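Reader: I would like to learn how to read a ligand site in a model. Please start with the contacts and then go on to the surroundings.

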Amino acid sequence: MEKIALFPGSFDPFTIGHQSIVNRALPLFDKIIIAIGYNTLKKPLLELEKRMQLISDVFPSNPKIVVSHYQGLTIEYCTKVKANYLLRGLRTAADFEYERAIGQMNKAMNPGIESVFLLTAPEHSFVNSTIVRDILFYGGDASKFLPEGIDIKKYLS
Ligand code: ADP
């Protein structure tokens, strides 16, 4: 059976931490769907289309990577796109506690989907989209936390 992983997140914005998780997961799966979960009630820093564009620009020609978006329950979106694995990154004990609850709930809802967690590379453990967003909001330089070659100005509208 084809191994399809869904990597869900807000990705507002997609950081070097996210990029590293995807690159490390690539040898493990046949396909990785990077899916932006969005909520129309929450105002993001980067619009959905811009977040999708940024992620596509990070992986310009990798046939194993698909970028998409969804609303609603992640586990239901997995079924829709036939993903049999859910990929998540773990940075801290707080991440672990949060992910454990969600992972176990997801497993109870759909035992056929396995959650797979990769520990963050130590050099990325402090990289956090919320803080990157604050830096950008106040006009700071966040380039060292973003994938190489990404000029965030292009995606801020
Ligand atoms: P969410 O709102 O779902 O937490 P994020 O965009 O913040 O969305 O994160 C998506 C996934 O990427 C989560 O599994 C998160 O733990 C992981 N992640 C975020 N930042 C890093 C990082 N610096 N290193 C490794 N994994 C990360």
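Author: This is a predicted model. Begin with polar contacts, that is, pairs of N or O atoms within 3.5 Å. Here a nitrogen atom of the ligand lies 2.8 Å from a backbone N or O atom of His124.

Reader: How much of the ligand's area does the protein bury?

Author: The ligand taken alone exposes 550 Å², and the protein buries 86% of that.

Reader: How many residues surround the ligand, and which are the closest?

Author: The shell has 16 residues, and Ser10, Phe11, Gly89, His124 and Val127 are the closest. By class, the shell holds 5 nonpolar, 7 polar and 4 charged residues. At least two shell residues come from each of β1 (4–9), α1 (16–25), β4 (85–90) and α4 (93–109).

Reader: Where does the ligand sit?

Author: The ligand is in the largest pocket, which holds about 1400 Å³ of space. Its lining numbers 48 residues, and those nearest the pocket centre are Pro8, Gly9, Ser10, Phe11 and Arg88.

Reader: Which element gives the largest share of that lining, and how does the lining divide by class?

Author: Helix α4 gives the largest share, 7 residues. The lining divides into 18 nonpolar, 20 polar and 10 charged residues.

Conventions: Residues are numbered from 1 along each chain as its sequence is written. This is a predicted model: local features need pLDDT of at least 70, side-chain atom pairs count only at pLDDT 80 or more; totals for chains, interfaces and linings use all residues. Side-chain values use heavy atoms; hydrogens and water are left out. A residue is near a molecule or strand if one of its heavy atoms lies within 4 Å of it. A polar contact is a pair of N or O atoms within 3.5 Å; within protein, one must be able to donate a hydrogen and the other to accept it, and residues adjacent in sequence count only if both atoms are side-chain atoms. Accessible areas come from the Shrake-Rupley method with a 1.4 Å probe; for residues, only the protein chains shown count as cover. On a 1 Å grid over the protein atoms alone, a cavity is a set of points where a 1.4 Å probe fits but cannot get out, and a pocket is an open set with protein on both sides within 12 Å along at least five of seven lines; lining residues have an atom within 4 Å of a point. A molecule sits in a cavity or pocket if more than half of its atoms lie within 2 Å of its grid points. Helices (H or I, at least four residues) and strands (E, at least two) are DSSP runs, numbered from the N terminus. Ala, Val, Leu, Ile, Met, Phe, Trp, Tyr, Cys and Pro count as nonpolar, Asp, Glu, Lys and Arg as charged, and the others, Gly among them, as polar. Grid points are joined across faces, edges and corners, and a volume is the space filled by probe spheres set on the points.
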